[in-house]
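Please keep the sequence and the structure at hand while reading.

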Amino acid sequence: MAEVRISSVTKKFGEVYAVNKFDAVIRDGEFVSILGPSGCGKTTMLRMIAGFEKATGGEIAIGDQIVSKAGNGIFVPPEKRHIGMVFQSYAVWPHMNVFDNVAYPLKIQKVPPEERKERTTKALALVHLEEYAARFPNQLSGGQQQRVALARALVAAPGLLLLDEPLSNLDAKLRESMRFEIKDLQKKLGLTVIYVTHDQAEAMAMSDRIIVMYKGVIQQVDVPTKIYEHPANSTVADFIGLVNFLDGEVKDGVVQLSQIGCSLPLAVNFTGPALVAVRPEHIEISKTSGTLRGKIVSKLYLGDSTDCRVAVGDTVLRIIDRGASFENYADGEEVYLSFGHVMAFPK
């Protein structure tokens, strides 16, 4: 295992900051996801940890070793950082069979043949690919190729495993099953994992903590429940899950929502103009009573819930209703709404 300490790391491309003053500590055996939209700097940060990019400023340490310190000439190459890396594109070699793909890092390290065979066999067993050892990549599914890449990253027993959007090329059902497999492996082996993704569901399901990035800057670092229920700002609230935003004014513990003609008690530590956020599942819909009156514009059947758009005056709110059947509501029908957990951010 390995603790990773990242101190004020920056990366500039010309005059543009891809990563700006990134500070984080990833503890031994922890699974941390770096989450954010495309272009936010998350993959650049991962590549600096791996040693594929040189930082413009700051320091990176893996375990007891400083592997990068800008300005001091310290830069340890990737092969000497004791890491495993899994890429989005699998990066398995088409001319090698599964066994040789997985064994290749040990061959480079000049591990003796017998030990190489034993460790490769164990790595294949970890990802349930023992019976595919003689096959070539073009004879495997996408999920099996991803398992090959994972076994190859694990075969050298790294202290740190880095994964760069490894599931994005898989279909939805396979992606979900691979989440559990990767998480189970991490727990079984006690690995420190840094996982880069733009997929909120992946990050929420797999992570001990999540680092949310936007435009090269960390927005929030916390456990998944806090990230979702108590986002640090409107950027995080907007990126994580679904949300309705409304303009409001906070005064004396009450937020006035003139846009939809109601006021709500709200415990926040500021007064003045606010951007109010409420998630679709935190709005209750009823035919009989509620704080607001609205009209159903449209509805979608989601199996375990109904996704409704309800117009309150000129504002359309999205509601995810898990308690009623799809047939309970009709387009154009008048309904009542009540707000549950409401969040507000100063404008």
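## Helices α4 and α5

In this predicted model, helix α4 (residues 142–154) packs on helix α5 (residues 172–189) at an angle of about 15°, and their axes are 11 Å apart. Axes here are lines fitted to C-alpha atoms, for helices over the stretch in contact, and angles run from 0 to 180 degrees between N-to-C directions. Helices (H or I, at least four residues) and strands (E, at least two) are DSSP runs, numbered from the N terminus. The two helices α4 and α5 are therefore roughly parallel to each other; angles under 35 degrees count as roughly parallel, over 145 as roughly antiparallel, 65 to 115 as roughly perpendicular and the rest as oblique.

The crossing of α4 with α5 is right-handed, a term used if the near helix is turned clockwise from the far one by less than a right angle, with anticlockwise giving left-handed. On the α4 side, Gly143, Gln146, Arg147, Leu150 and Leu154 make the contact, and they meet Leu174, Met178, Glu181, Ile182, Leu185 and Leu189 of α5. Contact means heavy atoms within 4.5 Å. By class, this contact of α4 with α5 has seven nonpolar, two polar and two charged residues. Ala, Val, Leu, Ile, Met, Phe, Trp, Tyr, Cys and Pro count as nonpolar, Asp, Glu, Lys and Arg as charged, and the others, Gly among them, as polar.

## Helices α2 and α3

Helix α2 (residues 98–108) and helix α3 (residues 113–126) cross at roughly 125°, and their axes come within 9 Å. At that angle α2 and α3 are therefore oblique to each other, and their crossing is right-handed.

From α2, the residues Val98, Phe99, Val102, Ala103, Leu106 and Lys107 meet Arg116, Lys117, Arg119, Thr120, Thr121, Ala123 and Leu124 in α3. This contact of α2 with α3 has seven nonpolar, two polar and four charged residues.

## Cysteines

The count of disulfides (a pair of cysteine sulfur atoms within 2.5 Å) comes to zero. Cysteine 262 is in no disulfide, and the nearest cysteine sulfur, that of cysteine 308, is 19 Å away. Cysteine 262 counts as buried, at 8% relative accessibility. Buried means under 20% relative accessible area, exposed over 50%, and partly exposed in between (1.4 Å probe, protein chains only). Cysteine 308 also counts as buried, at 0% relative accessibility.

## Positive phi angles

Histidine 128 has a phi near 60°, a positive value in a residue other than glycine. Histidine 128 sits in the loop between α3 and α4 and is exposed, with a relative accessible area of 55%.

For aspartate 252, phi is near 55°, again positive in a residue other than glycine. The loop between β12 (244–251) and β13 (254–257) holds aspartate 252, which is exposed at a relative accessible area of 68%.

## Isoleucine 34

Strand β3 (residues 31–35) contains isoleucine 34, which counts as buried at 1% relative accessibility. Leaving out residues up to four places away in sequence, isoleucine 34 touches Phe22, Lys42, Met45, Ile194, Tyr195, Val196, Thr197, Ile211 and Met213. The C-alpha atoms of isoleucine 34 and methionine 45 are separated by 8.9 Å, and these residues are 11 residues apart along the chain.

## Basis of the values

Residues are numbered from 1 along each chain as its sequence is written, and side-chain values use heavy atoms, with hydrogens and water left out. Because the model is predicted, local features need pLDDT of at least 70 and side-chain atom pairs count only at pLDDT 80 or more, while totals for chains, interfaces and linings use all residues.
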